[in-house]
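Let's work through a few exercises together. Have the model open beside you and try each task before reading its solution.

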Amino acid sequence: MPTKFLHTADLQLGLTRHFLGSDAQPRFAAARNDAIRSIGELAADEGCSFVVACGDVFESNHVSRQVVVRALDALGDVPVPVYLLPGNHDPLDAGSVYRSATFRASVPSNVHVLESGAPVEASPGAWLVAAPWLSKHPLEDLAARSLSDLRELLADADGRAVGPARILVAHGIVDLLSPDATDPAAILLAGLENALGAGIVHYVALGDRHSVTDVGATGRVWYSGAPEATDYDEVDSGAVLVVELPDDLHAPPRVEPRQIGTWRFVREVHPLDSGDDIARLAADLQGRDAKDRTVLKLGFEGSLSLRDKARIDEVLESARDLYAGVQLWDRMTDLAVLPEDADFESLGLAGFAAEALEELRAAAERPGVDGVTARDALALLVRLAGSGER
Amino acid sequence: MRLHRITLRNFRGVVEHDVELAEAGVTIIEGDNETGKSSLAEGVDLILEFPDSSKHRRIKAVMPSGADVGPEVAIAMSVGDCRFSYAKRWLRQPQTTLTITEPAPEQLTGTAAHERVREILDTHADLALWRALRLEQGVDLAQAGLDESRSLMRALDAASGSSSADDDADDLVRRVDDEFERYLTSTGRPNKELRERRETADAARRHVVEIEHAIEDLDSDIARHERLTRQLAAYSPRHEEQERRIAELELAQDEIAALESGAAQLGEKVKVAGLELEQARGDVAARSQLAKLASERELECEALARELDGAKRELQEKDAERGALRQALDTTRTELAAAEEMLAVAEADLAYHNDSLWRDTMRTRHEAVLAAQEQRTDADEFLEACRIDTDLLGRIEDAERALVEARAVLGANETGVRLESLVDQTVEIGGSEHRLAPGDVIEKPVSGQLEINLPGVMRLLVAAGADTRDLAAEVAAAEAERDRLLRAAGAEDVRDAREQQKRRDSMEQAREEAARTLETNLRDLTPEEMSAKLERLNEKLATYEAERQPGDDLPSDLESAEAAAAAARDAVGAARAALEAAQAALDQARAEQDASGKAAAASEALLAQKLLDRDAVSSELAASRADTADDALDAALAVAESRLRAAETELAAAQSELAARNPEATAASLAGATSALERLQDEQARDAKELHQLEGRLAAGGEDGLYDRLVGAQTTYERLEAEAAAMERRAAAAGLLHDALHRHRDEARRRYRAPLEEKIEQLGRIVFGDDLDVELGADLRIARRTLDGVTVPFSSLSTGAREQLCAIERLAGAALVSADGGAPVIFDDALGYSDPERLRRLGAVISLAGRDGQVLLLTCNPDRYSHVGDARLVRLVRQDPPPEVL
């Protein structure tokens, strides 16, 4: 019988996003619990024998009791065994959430923590070999360590006690993808592929990267990605993997990503040079789906008059009401608000007021804080003088 | 804005006034008090401001008393390009009519009319100027609020070359000020709310940091936990290692213990062999000792026997010696007795000579005593007889001197007689006969009478004068006195008296001398005792001489007696010393004899003892030898020595083996290993304890939900920080705008000042002279006036000067804005403080101002404005209320 299971990771339960509105925040938190339930439903639908979550199930070891209790409640509803691997966010250290009284008191019988490299038979003939994080900053390739132990075990037991299918469950960045070449904890892809080639393991379930990623060329090393989006920089999150290892373990596994995520983090830069651009952006933002589960980070390029700036502010204000969150992408924003004559003509300022206006307009051209303050002062002048119109 | 006509009806006390004003120039409205002059201006104010429906207190105030009719005002005026008539009645049957004639005819009533007029005014008129240009008597002499006037500002603006000031600028400034005050204090610092926002945000940030620290603490606990766990795991192999080492060392130590006990046994064996050797040596030594003792005893006895013989001989010698010494002692004693006898004789002789010497002395003293006694008796006898003394002698000498003096006086005065004999003859002078040879001269004084008889020849009687007689009497008295004294002294004359005194002195001296001699020689004796003593001495000496044995010669003198006595004493001393020496020698001999006797006895006894001893030792030696021969003893000694050497060799071998094992090092290593194990156990226990504590802390801390709290705190902080930053940004903007606006306004006002100043000075110089300078403040009011080089603040000027300047200022302001329509200048009963000359000059100014705009002079005293040239004069009279209704 082929081994079929569900591969997920990085649920990051308890994750909060402070830039979310006070109404969106609880929904965002609830969505992560909902993801667990979706996983349960999917596992049942697909006939998966078990679920393996490859690390960072919890956002932190210090999450509140409520987060733990709710997560365990949802996990308990999953109809198959669930194996949780401690990752870098929730390492199995002395302060680990997995060792907390709350967790131990509430953990349902189908939920197991992969506490060591000792192989665990997750379903008949399918064994999990875990590389749990025992501290926040390991100084070695944990996967390599577990593989090496397994090699010895196999040499001793002649492979009969462990197998035939073996799945390495690990968490961390693979050296191929790591931006930090000196990271001692990076998982060496060569080691994984070597073990795969030697038939030590048949699939490597990885966590840590939030986007679905097929690593290397074997088709057996996968990041499942986070089941629910957590940040803007995720390319392909919101999925879980349904993995099927055929009876003939030499044959390639079938790995199918399934979208279950409902939230999106979107990061965009818009050109803004005219009223038309503003109108276009307003329409665009208005027309999108699932706005209440979309978090936007918007950057702007271009230059606007004070009046147009006021309009874009209104558009953003309205978007804030609609969307789960709207942030300004300061780093990617290059928006010059240049007061134009038109801004002031209708004010009909004369005399000393006109002179003050001219002075501020000159100051508004200055770089840095002085210019910003001067532009603010100009906007204020426009507002106050405008409100004084008869 | 120009007023052409003002009509009041039922307005306060006014029944009706209808005043037509000069189109341009000056209108003087003259009337007594309470004729309603001031009401004209007030009427214009009310009609322009209040709709006919108004029940404002100012409207009610102008309701005529005692008539149930509403006050009415009608005006004809031009504002901008509009010219219109405007009438209003309030309170009773309110009504408003407006008839615009220019630019296009238009007729309105009611609210529409009111609003239309407001619109026209707002667009073209400057009501602030209208109010500012009024100068009223009885109201404080305030300067015109020209800075409120838009048209003046525009005019000033135009004059200063700037663009036109906006009507709304002041509104704008107010709004900016309001905005500024929302965030900042008047000094531009953050106000309470802004500060609190900032503080709240900072507090939130601190809270985040606190939670971060708590998480860091927790993390460090976790790290520590991990380290401890690893450390504890490492203890076990270290334990085993240590225990194994201890076991090895203990084994080595057991072996060493066995070696040590073997060595100890060998040591014991050596000790025993040593003791045996000692025993054998002792036996040999005892034997030789005993033999030696026996021979010693023999020798000793022989020596003692010899000694005893000697002692006995010596004792006999001592006996003989003692007898000889006793005889010698007796001889010496006899010699001493003889010497002592001789000494007695010598001492008696010496005493004799001493007594003899004493008697001689005594005798000499006795003789001196006798002589002195005699001398004293003589002196005493003389002195007894002598009558003169020092005192008496003195008196005698005084009397003699007195006599000599008297005589001298008499001599000087008395008559003298000089007789010179020419032949030998006898002459009787004063009863005495003188024999005279030729050439002899006799001179005689004559004090009384002197009778000179040349016997046979003549008797010559010479008598002295009466004076001479007195003097002579004095001489006689002195003489008698002297003689009396001489008699008392028993002296013949003065010289004798002196002699006698001398003798008396020597006798007294002799008596004292005799007394001294007696005292010296008698000492404690009476002369009788002395005699007796001398007598006894003589007897004693005679007796000794008689008794002295004739055999021996009595020494001739004291010295030889003394020498003899000394010799005798020496002889006695020598004899006595010899006796003592003999006695001592005898005593010595006796003692020696006794000692020798005792020594001999002791020797004898000792010898007897030694002989017993000798016999005992000899028998012991014989017995011992009979038991073991001397040879046997020597052989046993040799055996014991070789046995000991063997045992010692064995022991040395065992000890060197033991030393090779280094027992101290082994013991030290074992102690070290044991304490290291204990330390290891302690460390392990400590680590285990700490681990336990950490677990407790982690269990507590891990359940704290720190992550959620951190996120919550961060969220709060970011919100508060954003709010605070936004508010600070708004505050900065408001501050900047506020600053820019105010700065430019102040600057603008400074610029505006110049034309107004110029105009005021231009008009003012007419009144005050060419030296006038005025300085305006930012509010366009006159701050200082300079006249003839003296600068005085406006408020310090005299009332008159202030009034004049207020008038000039208004006229100047009006002149500046006249091109723009301006407003009429109204002086209501003003210039009451000005002197006639100033009034005259002001008149000229008013005339000048009237060329450009309307000037309305309300006065009860038309003379004040008699110098105003071309003016329309309107006279108002007090009216009784007529029942007229519009």
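The exercises below treat a sheet and then a chain interface in this predicted model.

**Exercise 1.** Work out the strand order of the open five-stranded sheet in chain B, and find which strands stand at its edges.

*Solution.* Start with the order, which reads β8-β18-β19-β3-β20 in chain B, with parallel pairing. Next, look at the ends: β8 (134–136) and β20 (871–876) of chain B each have a single partner strand, so one side of each is left without a neighbour in the sheet. On average, neighbouring strands here are turned by 10° against each other, direction ignored. Now zoom in on one pair: β3 (residues 25–31) and β19 (residues 854–859) of chain B run parallel and share six bridges. Within that pair, Ile29(B) has Leu858(B) as its bridge partner in β19(B).

**Exercise 2.** Describe the interface of chain B and chain A: how much area is buried, and which helix of chain B supplies the largest share of its side?

*Solution.* Begin with the contacts: 41 residues of chain B touch 44 residues of chain A. Together the two chains bury about 3,600 Å², with 60% of it on carbon and sulfur atoms. Then turn to the charged pairs: there are three salt bridges between the chains. Asp219(B) forms a salt bridge with Lys136(A), their closest N and O atoms lying 3.4 Å apart. On the side of chain B that touches chain A, α6, α7, α14 and α15 of chain B each supply at least two residues. The largest share, 19 residues, comes from α15(B). By class, this side of chain B has 20 nonpolar, seven polar and 14 charged residues.

Definitions and conventions
Residues numbered from 1 in each chain as written. Chains lettered and ligands numbered in written order. Predicted model: local features only at pLDDT ≥ 70, side-chain atom pairs only at ≥ 80, totals over all residues. Heavy atoms only, no water. Pairing = 2+ DSSP bridges. Helix = DSSP H or I, 4+ residues; strand = E, 2+ residues; numbered from the N terminus. Axes fitted to C-alpha atoms, helices over the stretch in contact; angles between N-to-C directions. Contact = heavy atoms within 4.5 Å. Buried area = accessible area lost by both parts, 1.4 Å probe. Salt bridge = Lys/Arg side-chain N within 4 Å of Asp/Glu carboxyl O. Nonpolar A, V, L, I, M, F, W, Y, C, P; charged D, E, K, R; others polar.
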